[in-house]
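Work through the exercises below with the sequence and the model side by side. Each task is followed by its solution.

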Amino acid sequence: MTLGIIVALAVVVGIGAGFRRVPATIGSLWMVVNLGTLNMTGALLGFLPLAPALIYIWATARRTTKIIGKSVSVRGLRVFIVLSLLIPLLMTLLAWFMLWDASKVFDLAAPNVGEALVSTALVNGAAVVIGLRSRIWRALLLRRGLPTWPVEAFRLAASFLLRMMVAGGVAALVYAATNMGAVVDSYGITSSLTGAIGLSLLALLYLPNIAIGAMAVLLGGEFHVGDGAVSLFTSTNVNLPPLPILAAVPNQTIPGGPFFLAVTALVAVATVYRFVKTRGFIEAPVALAVGSGAAVAFLGFCLSWLAGGELGVYGSAGALEWLFAAECAAWLMVPALVFMLYVSRAGSVVVEDVEDSSSTPTSTDSDEDRTEESEDPGDQDDRNKHVTQGEQNDQTEGVEDDEVPETTEDAEDTEATDSSVKQESDEHSTGVSEADTSDKPAEAQESEKTQESEQEESASAQDDDKE
């Protein structure tokens, strides 16, 4: 705002108009930056240059990102958003009152206050949304337990609009280069170097408007100035204002016009493909595709409305808002649905490695057959012998639990028998008896222990198989 006031003062002093025009000049500049409407000498100017507003949005968005930083409280974020919208709206009201007061002295009139407030809200709202970045919006949705695919939908829509705007700008410049005669003739209204520089600067400020008009033509719609209209299929020629950039507006039917629809198709497919390719996970692909169509329709309608308006005695200029929005939605949503349906189908497929069935025993094979195939007969005999000893131990323990000895002598015999049986079954803890140990050499004892350990492991494996 400070920079705008300085520019206004410089302009007023430079043209020698006097300081009485300073309030009206400041108010007019604020309306231009926020794409309001000007009413001067009975001519309504709503077709304002879009470049100052884009520069303002870019600068405000960067400032917003810097202020927010990497973390912000929800309460602080609410206050910031409210102030970011409320202050510009109050400034618009102040600028409107300045123009209303100046209309009593100068030949101008205050614009429609409702349209001025709406355009101000859209311009500053876009700056706030862009400045907060997608991470803040995702965090807000996750805090409410909501899905985050709407953020991705708006990002996809904005990416498509930006690429199409660049394509429209390139197409406009190429056509203006082929119509260089009209560009040169437009400078005939001025004979001074200062006037030529000012006319060139004004043409550059209107370049985004012409790029959006060319974008509407590439989408299959039309760009009109009053009664004149141009599209890929037809063209109606009318007299245009002497502005160099308007030489990019065709004055005859474009040769091979329908074939330029391929440019839009390529941009749409490339945008969706790059979006899918750069993401490892896509939440709700089908909903994202439909949501991107709705988002691009909303953004396209707002963009075409801000870029168009009344152009004095020439009438309304710009793209048809409803047609522009519908075409943007159709061109983006169709390839998005195709890609997202493929992603959804691919995401539902699970691949799992399965062992070869030839190496896996079937359920009809008996446990005894699998044991015989995997073991030697000698190992099987040792295992059966060990199982017989285990059953004998179980029977002996059952006798201890169920029967109570009547005499001490029988109890001693029973204890001796149980001790002998337990000594044979507990091979890991006691090994063999002292008598056998003294008669056998050390190597033989170690061999027997190893063989008995292998028998126990085989028996355990067979029990697990049976279970």
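Contact means heavy atoms within 4.5 Å. This is a predicted model, in which local features need pLDDT of at least 70, side-chain atom pairs count only at pLDDT 80 or more, and totals for chains, interfaces and linings use all residues. Residues are numbered from 1 along each chain as its sequence is written, and side-chain values use heavy atoms, with hydrogens and water left out.

**Exercise 1.** Describe the contacts and burial of the chain.

Step 1. Take the contacts between residues at least 6 apart in sequence: 71% of them join residues at least 24 apart.
Step 2. Of the 467 residues in the chain, 34% are buried (under 20% relative accessible area, with a 1.4 Å probe and protein chains only).

**Exercise 2.** How do helix 4 and helix 5 pack?

Step 1. Helix 4 covers residues 74-102 and helix 5 covers residues 113-143; helices are DSSP runs of H or I with at least four residues, numbered from the N terminus.
Step 2. Their axes are 9 Å apart, at an angle of about 170 degrees. Helix 4 is therefore roughly antiparallel to helix 5 (an angle over 145 degrees).
Step 3. Among the residues that meet are Leu77, Pro88 and Trp96 in helix 4 and Ala116, Asn124 and Arg143 in helix 5. The residues of this contact divide into 16 nonpolar, five polar and one charged.

**Exercise 3.** Where does pLDDT stay under 50?

Step 1. pLDDT is the predictor's confidence in each residue, from 0 to 100. The chain averages 77, and 71% of the residues score at least 70.
Step 2. The value stays under 50 over residues 357-444. Where pLDDT is low, the predicted coordinates should not be read in detail.

Definitions and conventions: Axes are lines fitted to C-alpha atoms, for helices over the stretch in contact, and angles run from 0 to 180 degrees between N-to-C directions. Helices (H or I, at least four residues) and strands (E, at least two) are DSSP runs, numbered from the N terminus. Angles under 35 degrees count as roughly parallel, over 145 as roughly antiparallel, 65 to 115 as roughly perpendicular and the rest as oblique. Ala, Val, Leu, Ile, Met, Phe, Trp, Tyr, Cys and Pro count as nonpolar, Asp, Glu, Lys and Arg as charged, and the others, Gly among them, as polar. Buried means under 20% relative accessible area, exposed over 50%, partly exposed in between (1.4 Å probe, protein chains only).
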